[in-house]
Amino acid sequence: MSSEKKEKKQHKMNFNIKEKLKKTFSKEHLKEVFTGEEQKKHLKQGSYSSIMTVIVLAVIVVINLIVAQIPTSKTQIDLSTQKMYSVTDETKTALKDLDQDVTLYYIVQKGSEDDTIEKLLEHYDELSDHIKVETKDPDLYPKFTSQYTDQTVAANSVIVVCGDKSKVVSNSDMWETSTNYQTYQTQTTGFDGEGQITSAITYVTSENNPKVYWVTGHGEASESDLSTNFSDAVNKNNVEISDLALMTDDIPEDAEELVIMSPTTDFSEDEANKVITYLENGGKLLMFTSYTGTDMPNLDSILENYGVKRSSGIVVETDSQHYYPQMPYYLLPNIQSDDITTEVKSNYILMPVAQAIQKLDSYRDTITIKSLLTTTEDAYIENDPENSTWSKSADSETGAFDLGVSITETIDDKETQIIYFSSASMLSSQIDQAISGANSKLAATALTSMCDVEQTVVIPSKSTSYTNLVFTQGAVNTWSIITIAGIPLVLVVIGVMIWMKRRKQ
């Protein structure tokens with residue numbers, strides 16, 4: 001192409017560009033852009049975008065406001081193993097029936113709140129219109145706690161108030177700890193906030209608290225000698241326990257129940273008669289005995305007056321599914337259906353060195369005796385446990401024996417109630433812990449079931465450590481066979497099959 005043609009082509013392109021620019025920036029075109037249809041189109045699109053943005057923001061604000069009003073129990077999921085931040089159905093039922101205003105004062109400095117306790121109190125506040133939670137900073141209200149207690153209230157404690165009644169739930173009561181005496185380090189083992197607070201609410205809203213008298217003077221075990229689980233359960237039901245020396249004192253008129261806990265010496269005849277007279281007038285008795293090898297005729301007369309006696313020896317179980325490994329006298333009895341045993345029906349009950357409870361050949365037809373805990377038909381009575389080889393002889397008394405019974409008698413509108421267990425050792429801390437507190441739960445339920453408790457609510461603490469597993473002797477035998485013989489045999493068979501397959505190849 002010649003240079004002349006190139007110049008003409010370039011000149012033509014420049015002319016076209018100038019014409020387009022001239023047309024684009026002409027007065028007529030600019031007027032059309034800013035005042036004509038194109039402007040309207042842009043304005044319409046911009047307005048639509050702005051309106052949609054405002055609508056979306058408004059929806060988000062409304063949703064946040066709605067969610068903020070939903071209880072945290074519905075918006076937060078408790079994924080902890082022991083449901084540390086949740087409340088049980090027992091508490092929900094208790095608060096549902098609440099008809100008095102209760103205030104929970106949370107004593108804590110701002111910024112030092114315990115997250116677990118704070119979330120728990122939020123649940124209480126949400127579950128009832130009669131519950132109100134208020135935080136009181138001791139720095140701002142230094143004299144606030146003095147109107148409810150003379151004691152110093154620790155941080156992260158709760159004061160439960162209803163009218164003129166109040167109860168302090170200290171932080172140390174809510175968090176359970178134990179000390180490792182090898183390292184002397186303290187570790188947290190459980191959280192009992194819900195159990196303590198619900199118990200305190202029941203206390204301040206109840207008109208009367210049942211009074212139980214603990215018989216002393218015969219070497220009985222005291223409440224402090226027993227599993228702390230039992231004491232805690234009794235205290236959570238707001239039962240007032242006082243000691244009673246029958247040798248010098250009569251049974252008070254306000255006694256709703258007596259507790260006889262494993263006496264090691266016999267009652268006097270006068271003491272036994274006091275108990276019998278009390279029972280014949282509609283009294284209640286929770287009784288535990290232990291094998292001592294000595295006769296206690298006056299103590300036994302109380303039981304015999306109501307149709308039962310205890311064997312002279314102890315019960316031994318031969319069914320390997322019903323005793324603790326290598327200890328046939330540590331019994332795992334059958335749990336019979338009853339209101340008292342409902343809460344432990346799915347657990348094991350462990351009864352060491354128990355005596356057989358046997359019905360007399362004859363007793364008043366007004367007396368009803370119901371079994372609570374029984375052995376299997378393969379059990380027998382060992383009359384000389386100190387020198388026993390733990391093998392059943394031809395003359396051993398065998399059969400299914402009662403280890404716990406409920407006795408009732410109604411005469412002239414007076415109802416007598418006795419719940420009797422033949423092994424006080426079942427309430428020792430070591431035995432109770434071996435079955436994760438089932439023994440103490442059963443005993444506490446038995447005690448409170450005979451009291452005039454307005455509302456029985458026993459909520460166990462939530463463990464932050466492990467839970468014990470119970471294996472019977474039969475289970476131990478089965479797993480021993482599986483691990484010693486079963487698994488190796490399976491491996492040998494698999495190995496032979498692989499060898500044969502490879503050999504054929």
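Which residue in β20 is the bridge partner of isoleucine 369? The partner of isoleucine 369 is isoleucine 407, as legend 2 sets out in context.

The model is predicted: local features need pLDDT of at least 70, side-chain atom pairs count only at pLDDT 80 or more, and totals for chains, interfaces and linings use all residues. Residues are numbered from 1 along each chain as its sequence is written, and side-chain values use heavy atoms, with hydrogens and water left out.

**Legend 1. Overview of the protein chain.** Of its 505 residues, 40% count as buried. Buried means under 20% relative accessible area, exposed means over 50%, and partly exposed lies in between, with a 1.4 Å probe and protein chains only. Among contacts between residues at least 6 apart in sequence, 75% join residues at least 24 apart, a contact being heavy atoms within 4.5 Å.

Legend 2. Two strands pair if DSSP finds at least two bridges between them. β18 (residues 367–374) pairs with β15 (residues 334–335) in the antiparallel sense over two bridges. Here isoleucine 335 has leucine 373 of β18 as its bridge partner. β18 also pairs with β20 (residues 402–411), again antiparallel, over seven bridges.

Legend 3. All six of the six residues of β3 (residues 157–162) are buried, so the strand is largely enclosed by the rest of the structure. Ser157, Ile159 and Val161 are buried on one side, and Val158, Val160 and Cys162 are buried on the other. β1 (residues 102–107) runs antiparallel to β3 and is joined to it by five bridges, with isoleucine 107 partnered by serine 157. Five bridges also join β3 to β4 (residues 165–169), an antiparallel pair. Valine 160 stands opposite lysine 167 in β4. The hairpin of β3 and β4 has two residues between the strands, and glycine 163 takes a positive phi near 65° there.

Legend 4. The structure holds zero disulfides, a disulfide being counted as a pair of cysteine sulfur atoms within 2.5 Å. Cysteine 162 is buried, with a relative accessible area of 7%. Cysteine 451 is buried as well, at 9%.

**Legend 5. Packing of helices α10 and α11.** α10 (residues 269–280) and α11 (residues 297–304) pack at an angle of about 15°, with their axes 9 Å apart. Axes are lines fitted to C-alpha atoms, for helices over the stretch in contact, and angles run from 0 to 180 degrees between N-to-C directions. The two helices are therefore roughly parallel to each other, the class for angles under 35 degrees. Glu269, Ala272, Val275, Ile276 and Leu279 in α10 meet Asn298, Ser301 and Ile302 in α11.

**Legend 6. The open sheet β13-β14-β16.** This sheet has three strands in the order β13-β14-β16, with antiparallel pairing. β13 (323–324) and β16 (351–352) stand at the edges with a single partner strand each, so one side of each is left without a neighbour in the sheet. β14 (residues 327–331) pairs with β16 over two bridges, and tyrosine 330 has proline 352 as its bridge partner in β16.

Methods:
Helices (H or I, at least four residues) and strands (E, at least two) are DSSP runs, numbered from the N terminus. Angles under 35 degrees count as roughly parallel, over 145 as roughly antiparallel, 65 to 115 as roughly perpendicular and the rest as oblique.
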